[in-house]
Amino acid sequence: MLDVRCSAWAQSWFLLDTGPCPPAFNMALDETLLEAASRLDKPVLRFYGWTEPAATFGYFQKYAEVERATRLRLLVRRPTGGGIVPHDADWTYSLIFPPGHEWFALKAEESYRRTHEWIRSAFAKLDVTTEVASVRHSPGATRHSAKGCFVGHEKNDLLWRGKKIAGAAQRRNRLGLLIQGSVQSPLTSLARADWQRAMQDAGRMEMRIEWSEFTPAPALQEHAEFLAREKYSQLEFVTRR
């Protein structure tokens with residue numbers, strides 16, 4: 001079961017569904033929400049999609065290595081760590097926590113585990129059995145294949161029939177905690193909208209989350225557009241060492 005020790009009382013979270021957005025804007029909006037986490041003073045669960053196929057890669061990865069490892073284009077550097085993630089057929093989400101929230105104080109391994117326990121619980125509501133990996137399994141190095149499938153898994157990744165279907169990357173600083181996650185649907189019959197509702201239901205029932213629809217203020221939208229244009233779309237930033 002999902003660990004609900006942090007949820008003895010009902011807690012208020014924001015819910016944001018931005019739908020398909022350009023790759024650079026997706027990264028820029030997540031960074032903007034992280035920067036605004038203290039002012040928002042509530043966690044945010046954001047669902048989003050992609051207007052075109054892309055691959056994102058961790059903030060500290062070398063562009064030349066990423067370029068050789070995937071055939072997907074565009075390539076966009078994330079504000080979080082981690083490896084290459086294909087976004088041609090996945091479901092993506094982000095979680096943003098203010099510094100005062102209980103999740104912010106968790107060690108990275110624990111926040112990673114809780115995130116995937118939540119997704120496991122959501123899939124259970126859709127009658128799909130998944131499990132959180134108890135150990136690492138790496139046939140070489142955990143990576144993504146050229147076709148965009150997960151290969152190998154780390155401890156606390158989400159597995160379906162032994163194969164990784166969900167991973168995430170994190171960034172924690174004085175502004176808050178940002179978790180960016182990717183889910184590969186295990187069954188073609190599953191709809192993204194059903195999974196998103198299952199995530200909300202699991203949060204409501206097992207973590208006592210009360211959801212409030214969230215619309216970013218014009219200033220946040222404008223700042224995200226600025227970052228998308230002046231940072232995440234800039235070749236100098238994307239290809240930096």
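The exercises below, each with a worked solution, concern a predicted model.

**Exercise 1. Describe the largest nonpolar core and the surroundings of tryptophan 195.**

Solution. The largest nonpolar core contains 31 residues. Leu95, Trp118, Phe123 and Trp195 have the most contacts inside it. Leaving aside residues up to four places away in sequence, tryptophan 195 touches Phe47, Trp91, Tyr93, Ile119, Ala122, Phe123, Leu126 and Val183. Another core, of 27 residues, lies apart from the largest one; Ala24, Trp50, Leu178 and Leu227 are among its members.

**Exercise 2. Classify two of the 14 aromatic pairs and state which parts of the chain they join.**

Solution. Start with tryptophan 13 and tryptophan 211, whose ring centres are 5.8 Å apart with 75° between the planes. An angle over 60 degrees counts as edge-to-face, so this pair is edge-to-face. Tryptophan 13 lies in strand 1 and tryptophan 211 in strand 13, so the pair ties together parts 198 residues apart in sequence. Both tryptophans are buried.

Now take tyrosine 59 and phenylalanine 237, with 6.2 Å centre to centre and 50° between the planes; this pair is tilted. Tyrosine 59 is in the loop between strand 3 and helix 3, and phenylalanine 237 is in helix 7, so the pair ties together parts 178 residues apart in sequence. Tyrosine 59 is partly exposed because its relative accessible area is 24%, whereas phenylalanine 237, at 11%, is buried. Arginine 240 lies over the face of tyrosine 59, at 4.7 Å from the ring centre.

**Exercise 3. Is threonine 215 buried or exposed, and where does it lie?**

Solution. The relative accessible area of threonine 215 is 67%. The cut-off for exposed is over 50%, so threonine 215 is exposed. Threonine 215 belongs to the loop between strand 13 (209–213) and helix 6 (218–232). Its C-alpha atom is separated by 8.7 Å from that of leucine 15, although the two residues are 200 residues apart along the chain.

How values were computed:
Residues are numbered from 1 along each chain as its sequence is written. This is a predicted model: local features need pLDDT of at least 70, side-chain atom pairs count only at pLDDT 80 or more; totals for chains, interfaces and linings use all residues. Side-chain values use heavy atoms; hydrogens and water are left out. A nonpolar core is a set of buried Ala, Val, Leu, Ile, Met, Phe, Trp, Tyr and Cys residues joined through side-chain atoms within 4.5 Å. Buried means under 20% relative accessible area, exposed over 50%, partly exposed in between (1.4 Å probe, protein chains only). Contact means heavy atoms within 4.5 Å. Helices (H or I, at least four residues) and strands (E, at least two) are DSSP runs, numbered from the N terminus. Rings of Phe, Tyr and Trp (its six-membered ring) pair if their centres lie within 6.5 Å; planes under 30 degrees apart count as stacked, over 60 as edge-to-face and the rest as tilted. A charge sits over a ring if NZ of Lys or CZ of Arg is within 6 Å of the ring centre and within 35 degrees of the ring normal.
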